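Hi everyone, thanks for coming. Let me put the model up, and then we can walk through it together.

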Amino acid sequence: MSKRNNQKIIKDMKQKQKEDTIALHNSTYKNKDVRSILKIIKSKTTQDGEGVTLNRSFPNSYITDFDPFLLLDEIGPIDIRPGDQKGFPDHPHRGFETVTYLLEGKFEHKDSQGHSGTISAGDVQWMTAGSGVIHSEMPEKEFSKNGGKLHGFQLWINLPKKNKMIKPRYQEISSSKIPNGTTKNGNVSVKVIAGESLGEKAVIDTITPIMYLHFKLEHGNRIIQQVPEEYNVFAYVIKGKGLFEQNNSSNKIIERGNLVIFDKDGEEVYIQAAKESKDPLELLLIGGIPLNEPISRYGPFVMNTQQEIYQAIEDYRNGRLG
Ligand code: FE
């Protein structure tokens, strides 16, 4: 390829990066414990499975993963027409965990271990694929027949090398069992899916320490969430507009569909709902300890070496996975 062509590709890439990653500003002052914003990533609309519309934050061409997280998809929000089957038919996973959190709609899943179930709005399915499962994730029959809004999230969490081949495990937690914390005035509430917040502790058991919080803040309200210093932490704005640094003079208002990656320069995350917004602020605040291990990934397999990926493909082909 010519040098000129190469230069054009590099120029195009830089332009693309500029559009996708909003450059960062320097705070003039901040509370030393409050983390600053490292990067803002606009999620990209794409399709996966059988025509499911997603907003994918990562992986993309700039961020392959955010250790220990491998992927974040916002499923929809999309209107499923009556009779329209949009989902993820049979596919394998090995070496990590998939966490599905539904906000609207109904999903049914079935797997090679004989496990099946349905999750509805507010429910969480925490699947540790470990050595391998083959499963399908499809709209529930009745929901699919009548149609309706589908909205949710899927997060992939990497497993440490020593846990990659553990026995698969499912944890299904219905909305009613997910602890709900609120401030005294009721203006800030949180669903504690993993970790701790506003005096509430999650009921889900995680392989590595994980924080998974769904916050709702009424206009103009704020909260400071403690985060362990070793955690990598990000926020994803679901609804409304948010400010994520104590020094808000720069007016960096983050709108829905954006992922905020925090620096590791403190043990607190500052969240404020913008006053001027149609909706209250809703966001996910997610964090975990980086594994700092080599990652070799190919589609639904995430291992440490290329050899282990070949093995996973071979096991899948020969019916030895799941
Ligand atoms: Fe899956």
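What volume does the largest cavity have? About 50 Å³, where a cavity is a set of points on a 1 Å grid over the protein atoms alone at which a 1.4 Å probe fits but cannot get out. The volume is the space filled by probe spheres set on those points, joined across faces, edges and corners.

Before going on, a word on the source: this is a predicted model, with local features needing pLDDT of at least 70 and side-chain atom pairs counting only at pLDDT 80 or more, while totals for chains, interfaces and linings use all residues. Residues are numbered from 1 along each chain as its sequence is written, and side-chain values use heavy atoms, leaving out hydrogens and water.

Back to our cavity. Its lining residues, those with an atom within 4 Å of a point, are Thr100, Phe107, His109, Ile119, Gln125 and Glu137.

Finally, the largest nonpolar core has 28 residues, that is, buried Ala, Val, Leu, Ile, Met, Phe, Trp, Tyr and Cys joined through side-chain atoms within 4.5 Å. Phe69, Trp126, Leu155, Tyr212 and Phe234 have the most contacts inside it. A second, separate core of 26 residues includes Val190, Met211, Ala273 and Leu285.

How values were computed: 1 Å grid on protein atoms, 1.4 Å probe; cavity = no way out; pocket = protein on both sides within 12 Å on 5 of 7 lines; lining within 4 Å. Buried < 20%, exposed > 50% of the residue type's maximum accessible area, 1.4 Å probe, protein only.
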